[in-house]
Amino acid sequence: MKKLASGIIRFSSSWTGTIIIVLVFVFFIAQSFVIPSGSMKRTLLIGDFLFAKKFAYGIPLPEIPILGIKVLPDFNGNGHLIAGQEPKRGDIVIFYVPTNKKQHFVKRCVAVGGDELLYYDKHLLLHPHEGDEYVKKHYDSSKIVKAMGKLWVVNPYKDKFPGIQYMPESGRSSFEEMVIRLAYPKYMPDMKPIYIPNLDAPVVGMYKEPFNAFYKKVEPNHYYMMGDNRDNSDDSRFWGSVPYKLIIGKPWVTYFSIEFRSYDRVAKGIGGGRDHYLLRKICKGVDIYSNKCKQRWDRYRFTIRWDRMFRNIDKMQYEKPTIWVR
């Protein structure tokens with residue numbers, strides 16, 4: 001045993017051993033990511049550095065970080081060496097975008113295969129595939145409405161996860177953006193316009209037929225992903241459901257967090273990351289487009305968010321957002 005232990009220590013101390021150990025850790029256990037956009041504010045922030053749990057939903061095919069090159073073929077045809085538990089409703093998930101299989105996204109799973117969704121401005125309605133009895137058993141009656149002959153849960157995640165918000169920064173909401181895209185076949189949203197009688201939502205009359213909501217039934221073995229920052233998120237509403245083969249893992253713990261955005265990014269959205277709410281906090285009583293506000297932001301920039309260091313994301317997502325966010 002002593003010889004074996006000594007051999008392992010010598011091997012792990014060598015360059016070859018160190019590289020192999022690091023690759024095994026990155027391939028199968030955890031990988032580092034940084035949040036680049038504000039689509040998950042207020043739950044995850046731009047500048048959060050986190051470890052992702054690679055084994056949360058099975059063991060995905062190992063790949064070379066940054067390059068995204070797979071080091072093994074897809075033997076099982078499902079993107080995983082070993083299949084495991086699939087994402088559940090409400091999980092925050094790391095995955096590849098169906099339209100760009102080299103780009104990681106982080107969103108919340110709002111529906112699984114067979115579920116139905118209705119979406120209109122500031123409202124997400126869910127009809128789980130388990131049916132009406134499941135809805136009555138698992139959700140408060142005050143959140144249940146009837147439409148299309150079945151029961152729907154109104155904003156099923158908003159009370160549970162305080163970070164979810166509807167607060168457009170670009171001048172129009174995601175619902176308005178989806179309505180506009182209906183006029184451009186190349187950019188059509190994934191959800192389809194539909195008219196629901198007696199739905200408490202304004203009717204839009206600018207499409208082929210009047211509608212007041214968007215509808216989606218999620219494909220089997222697929223997951224519908226939305227950002228918690230609902231009015232500022234590029235997600236499944238625009239590019240569709242995510243199949244299991246593109247699921248990578250689950251955010252695990254934040255190990256560092258820093259506000260690094262420039263004033264132009266925060267004020268004008270240049271390069272992404274517009275955040276007028278935070279600017280108004282920093283520049284209270286001052287025009288956010290003024291030089292004085294820019295100077296204040298420059299003093300605030302590169303602030304480390306100590307209260308987010310070494311935090312378990314599964315626990316943090318249930319907490320009320322702090323001053324760092326809106």
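Which residue forms a salt bridge with D235? R237 does, and the closest N and O atoms are 2.8 Å apart. A salt bridge here is a side-chain nitrogen of Lys or Arg within 4 Å of a carboxyl oxygen of Asp or Glu. R237 is buried, with a relative accessible area of 0%. D235 is also buried, at 0% relative accessibility. Buried means under 20% relative accessible area, exposed means over 50%, and partly exposed lies in between (1.4 Å probe, protein chains only).

This is a predicted model: local features need pLDDT of at least 70, side-chain atom pairs count only at pLDDT 80 or more, and totals for chains, interfaces and linings use all residues. Residues are numbered from 1 along each chain as its sequence is written, and side-chain values use heavy atoms, with hydrogens and water left out.

Now take the sheet that holds β9. Six strands form an open sheet, in the order β11-β12-β10-β9-β14-β13, with antiparallel pairing. Its edge strands are β11 (144-147) and β13 (192-194), each pairing on one side only. Neighbouring strands of this sheet are turned by 35° against each other on average, direction ignored. The axes behind such angles are lines fitted to C-alpha atoms, for helices over the stretch in contact, and angles run from 0 to 180 degrees between N-to-C directions. Helices (H or I, at least four residues) and strands (E, at least two) are DSSP runs, numbered from the N terminus. Two strands pair if DSSP finds at least two bridges between them. Strands of a sheet pair through backbone hydrogen bonds, either parallel or antiparallel.

P193 has F214 in β14 as its bridge partner.

The side chains of K150 and E116 meet at 2.9 Å, N to O. K150 sits in β12 (residues 150-154) and E116 in β9 (residues 116-120), so the pair links distant parts of the chain, 34 residues apart. E116 counts as buried because its relative accessibility is 7%.

K143 and D159 form another salt bridge, at 3.4 Å, N to O. K143 lies in the loop between α3 (132-138) and β11, while D159 lies in the loop between β12 and α4 (174-181), 16 residues apart. K143 is buried, at 19%. D159 counts as exposed, at 62% relative accessibility.

How many salt bridges does a search of the whole structure find? The search finds 24. Some are joined up: K41, D48, E259, R261, D275, R305 and R308 are linked in a network of salt bridges.

Next, follow β17 (residues 247-257). Six bridges join β17 to β2 (residues 48-53), and the two run antiparallel. L50 has T254 in β17 as its bridge partner. T254 is also the bridge partner of R311 in β18. β17 and β18 (residues 311-312) pair in the antiparallel sense over two bridges. β7 (residues 92-97) likewise pairs with β17, antiparallel, over two bridges. There, I94 has G249 as its bridge partner.

Finally, the surface. V71, L72 and F75 form a nonpolar patch with about 280 Å² of accessible area together. Patches are made of residues with over 30% relative accessible area and no salt bridge; like charges are joined within 9 Å, nonpolar side chains (Val, Leu, Ile, Met, Phe, Trp, Tyr) within 5 Å. Areas come from the Shrake-Rupley method with a 1.4 Å probe, and for residues only the protein chains shown count as cover. V71 is in the loop between β5 (69-70) and β6 (80-83). V71 counts as partly exposed, at 37% relative accessibility.
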